[in-house]
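Keep the viewer open as you read.

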Amino acid sequence: MTTLNAMMEYTADMLAGLRAEVAGAVVTPTDTDYDAARRAWNLTVDQYPALVVVAETAADVVAAVRFAREFNLDIAVQSTGHGVTLPADDCLLLVTERMTGVTIDAEARIAHVQGGAQWHNVLGPAQEVGLAPLLGSSPDVGVVGYTLGGGMGWLARKYGLATDSVVYFDVVTADGELIRASADEHNDLFWALRGGGGSFGVITALGFRLYPETVVYGGNLIYPIEMARDVFARYRDWITAAPDALTSAIVIINFPPLPMVPEPLRGQTVVMVRGCYAGPVEEGEALVQQWIDWQTPIMNMFQALPFSQVGMISSDPSDPMPDMVSGGWMRELSDEAIDTLIRYGAFSPLTVTEVRHAGGAIARVDPESAAFSHRDAPLLLCLIGVPFSPDAHTALSAHIVEMKKALGSAMHGGVYMNFLEGQESRQRTHEAYLPDTYRRLIAVKAKYDPENVFCHGFNIPARAN
């Protein structure tokens, strides 16, 4: 693949033409703002694209894609750079972070959102009219990437995945054409994008349904790590009768000894039960009171929350940082699985070991309606670490591999792509889908991107191996 850097002296006028055509910015490796333009939120990603286009409009995206095709450049797309599957080396990096426009149709309960928006761009305007989007644990994550991978947030068991609420995508295809994918137009692509990731084109806008939620009962119960086995066992029993209005998780957290951590938790390892009840507050209080009556926690952080503050439940970091995420679907929380989670999660290189309760509305969707698979899995494992050096990254990777192997039959066998990144994401993409679904995704890829121009998203090949 010939990079733009190698041929710049021959294409200076063409590059000037692209700059004239694009309302946003066009950044080359010799520009002073190149390092800022190429940076991802995840600071473990150190990528060196041949060219960066910071788009402001759909027309900018069209121009960038056509330019990349003319010069035989692959295309990587980034809004925030939280979940990079393949670094944008020697390609055109298309950054959509300036495309943040949001329009709320309160009567139809639909949000119309540009492709670079983050969830906080949607959450505020939606809440002003009494509606809620199906965002995840962090309002600072990009809407598009989260939704293309599925999108399991704090309303998932009541309303389903974010991807299941999408009504259309506006997509720039590999040939530089802007099309709409919906149930009525390009419905094969619409099917693939809902769970199949961003390997089929560039999303310049999407529309999705909103829901009438303004106040939820959410937070965390914090128990000492010494009680972890009992807390896990009780959580296993608690969720068997959980209503769909309750989406919850159990978490082992190794808090770092940093000033940003509250004093009682600084440098401590704890087990937490966290959740969000989307129903009458008194019903949520009664569910949490079962825990209080069983054992008084170190801290009870559950409270009635405006849904606009739902990010407080997980309190995910908002500033760029080195990050490593892995996980997979689980079948059960057996006694053996609980012991393994505690053994590998507590006092370990992992910062977070979280098991989320799935099911509910997620599982009630017709499995043929979208590419997203493994809706039958009742639990989802998420593992997060903060590797501050390459050696720490290697050690953390080995720890995660060993942990998932030790969990054995408790693991479902499928993976959730939003909780994979880098090499693991590339190697395990096929495990995110049922075999027939994966074959169908390959066929859609062959139709819309036969030359695999968008090879930096989920690893969907344009032909079967």
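Helices and strands here are DSSP runs, a helix having at least four residues and a strand at least two, and they are numbered from the N terminus. One thing to keep in mind throughout is that this is a predicted model.

With that numbering in hand, go to H374, which sits in the loop between β16 (350–357) and β17 (379–385). Is H374 buried or exposed? Its relative accessible area is 10%, and because buried means under 20%, H374 counts as buried. As for its surroundings, once neighbours within four places in sequence are set aside, H374 is in contact with W329, H412, G414, V415, E431, A432, Y433 and L434. The backbone deserves a look too: H374 is not a glycine, yet its phi is positive, near 65 degrees. Most residues other than glycine have a negative phi.

D90 is another non-glycine residue with a positive phi, in this case about 55 degrees. Look for D90 in the loop between β3 (75–78) and β4 (92–95). With a relative accessible area of 44%, D90 is partly exposed.

Now for a loop glycine. G115 lies between β6 (110–114) and α4 (119–128), and its relative accessibility of 3% makes it buried. What does G115 touch, leaving out residues up to four places away in sequence? The list is S79, T96, M99, V144, I203, T204 and A205. Take T204 from that list: G115 and T204 are 89 residues apart in sequence, but their C-alpha atoms are 4.4 Å apart in space.

On to the interior. In soluble globular proteins, nonpolar side chains tend to be buried together. Here the largest nonpolar core has 65 residues, and the members that touch the most others are F169, L189, L193 and F208. Zoom in on F169 and, not counting residues up to four places away in sequence, you'll find it touching L148, I179, R180, A181, F190, L193, R194, I203, A205 and L206. Apart from that core lies another one, made of 43 residues, including A228, A242, F302 and M411.

Next come the helix pairs. Start with α7 (residues 187–196) and α13 (residues 435–448), whose axes come within 10 Å and cross at roughly 120 degrees. That angle is why the two, α7 and α13, are described as oblique to each other. Their crossing is left-handed. On the α7 side, the contact is made by D188, L189, W191, A192 and G196, and they meet T437, R440, L441, V444, K447 and Y448 in α13. Sorted by class, the residues of this contact of α7 with α13 are six nonpolar, two polar and three charged.

The other pair is α10 (residues 335–345) and α11 (residues 390–407). Those two pack at an angle of about 165 degrees, with their axes 9 Å apart. In α10, the residues involved are A337, T340, L341, R343, Y344 and G345, and their partners in α11 are H399, E402, M403, A406 and L407. The contact of α10 with α11 divides into six nonpolar, three polar and two charged residues.

Conventions. Residues numbered from 1 in each chain as written. Predicted model: local features only at pLDDT ≥ 70, side-chain atom pairs only at ≥ 80, totals over all residues. Heavy atoms only, no water. Axes fitted to C-alpha atoms, helices over the stretch in contact; angles between N-to-C directions. Contact = heavy atoms within 4.5 Å. Nonpolar A, V, L, I, M, F, W, Y, C, P; charged D, E, K, R; others polar. Core = buried A, V, L, I, M, F, W, Y, C linked by side-chain atoms within 4.5 Å. Buried < 20%, exposed > 50% of the residue type's maximum accessible area, 1.4 Å probe, protein only. Parallel < 35°, antiparallel > 145°, perpendicular 65-115°, else oblique. Left-handed = near helix turned anticlockwise from the far one by under 90°.
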